[in-house]
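Hi,

Here's the structure I promised to pass along.

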Amino acid sequence: MPKIQPYRLLQLIAQLLAYTYSALIAGYLILRLIFWDRLWPVAFAGTLVPWIFLPIFLLPILAFFIIKKRWFAIVSSVACLCLLGWLHVTYFSPQPSPMNGSTSIKVLSLNCGWYKTSSENLANLIQQEQPALIFLQEIVLKHTQRAFVWLKASYPYQFSQPPVAILSKYPIQSSEMIHLAGHREVQQRAVIQMNRQDVAVYNISMTSPWIYTHKVLPFLTVPAYEYAERSAEIKDLVGRLQKETLPVLAAGDFNMTDQSQDYHDLSAVMRDAFRTAGVGFGFNWPHGWALNLLSKKLNGELNFPLVRIDYIWYSTHWGSRWAKVLPAAGSEHLPIGAELILSK
């Protein structure tokens, strides 16, 4: 039996990897076009965008120097150009609103991660950023007893009921606790008065999707990505927003990425501040996430954010001047901030 030369073996391995990856990406795009999030593997793959697309940039290198197939070199080069164009238009072409509004407001949102964000860190973050309106999720009683007391002089209007809170420099006219889709997750709606203009604000904490195992046969257990509860909550929120007659702001932990169908449904009625006026991917989770949540055999923490799941949204009454991810405050979520302008 003839031996395979080392270079030929490398070429075969490169072909197998490149063609398999290309087929998987093509399959994902086709299934996404047909089904989108109706198929959980497509929905799960969507949470990994743009990471799953990045190897496309390696394909022309393999094609020209190892595989040496002209057709594959041409196709992979065109794919790279398309990917570059999509990344530029989607993530690196901010279109901030001009400063022609009558009211400008700085907004901050943070999922505190329960006890992970200390009262000292929370107060320091807020005092450093000086937002006019603050949306907090996963707070605990200690935050209300310490940080909120320290901040009372600067933020006299506070609507807090753990695990969520709204702090405002503007008067809160009315407030209510809500449970989107009737689920246990808690959200808030309040009306604040900004320079004689009433504004509806929503503080959001959506149910987190996760991978759960299901026994389909007595001897067979398979994993599945479950996100139906979040989708129901998004649907409920969209319905509420469509009925609003006031200018609206909504911020918090939405537990979705910008490639999900839920994001698309919400973006039909609201605008994403970071997508409009931010630069880059805006990844803000996870930061300091314990790996043993995935497997008890894993140790350590993941300190490199991989996805964007916290958002600041606004209705068409507003514009966005800038939006960015802020320095860590102890939580596995990085804080986010934006400056919004209320149109005249």
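This is a predicted model: local features need pLDDT of at least 70, side-chain atom pairs count only at pLDDT 80 or more; totals for chains, interfaces and linings use all residues.

Helix 1 (residues 6–34) packs against helix 2 (residues 40–47) at an angle of about 115°, and their axes are 10 Å apart. That puts helix 1 roughly perpendicular to helix 2, and their crossing is left-handed. On the helix 1 side the contact is made by Tyr28, Leu31 and Arg32, which meet Val42, Ala45 and Gly46 of helix 2. Sorted by type, the contact residues are four nonpolar, one polar and one charged.

**Aromatics**

In one of them, Tyr225 and Tyr227, the ring centres are 5.3 Å apart and the planes sit at 35°, so the pair counts as tilted. Both of these tyrosines, Tyr225 and Tyr227, are buried. Tyr28 turns up again here: ring pairs link it into a cluster with Trp51, Phe53, Trp86, Tyr91, Phe92, Phe281, Phe283 and Phe304.

**Backbone bits to look at**

- Pro162 and Pro163 are joined by a cis peptide bond, omega about 20°; Pro163 is in the loop between strand 3 and strand 4.
- Trp285 to Pro286 is cis too, with omega near 0°, and Pro286 lies in the loop between helix 10 and strand 12.
- Trp114, in the loop between strand 1 and helix 5, has a positive phi near 60° and is partly exposed at 40% relative accessible area.
- Gln130 also has a positive phi, about 55°. It sits in the loop between helix 5 and strand 2 and is partly exposed, with 42% relative accessibility.

Cheers

How values were computed
Residues are numbered from 1 along each chain as its sequence is written. Side-chain values use heavy atoms; hydrogens and water are left out. Axes are lines fitted to C-alpha atoms, for helices over the stretch in contact, and angles run from 0 to 180 degrees between N-to-C directions. Helices (H or I, at least four residues) and strands (E, at least two) are DSSP runs, numbered from the N terminus. Angles under 35 degrees count as roughly parallel, over 145 as roughly antiparallel, 65 to 115 as roughly perpendicular and the rest as oblique. A crossing is left-handed if the near helix is turned anticlockwise from the far one by less than a right angle, and right-handed if clockwise. Contact means heavy atoms within 4.5 Å. Ala, Val, Leu, Ile, Met, Phe, Trp, Tyr, Cys and Pro count as nonpolar, Asp, Glu, Lys and Arg as charged, and the others, Gly among them, as polar. Rings of Phe, Tyr and Trp (its six-membered ring) pair if their centres lie within 6.5 Å; planes under 30 degrees apart count as stacked, over 60 as edge-to-face and the rest as tilted. Buried means under 20% relative accessible area, exposed over 50%, partly exposed in between (1.4 Å probe, protein chains only).
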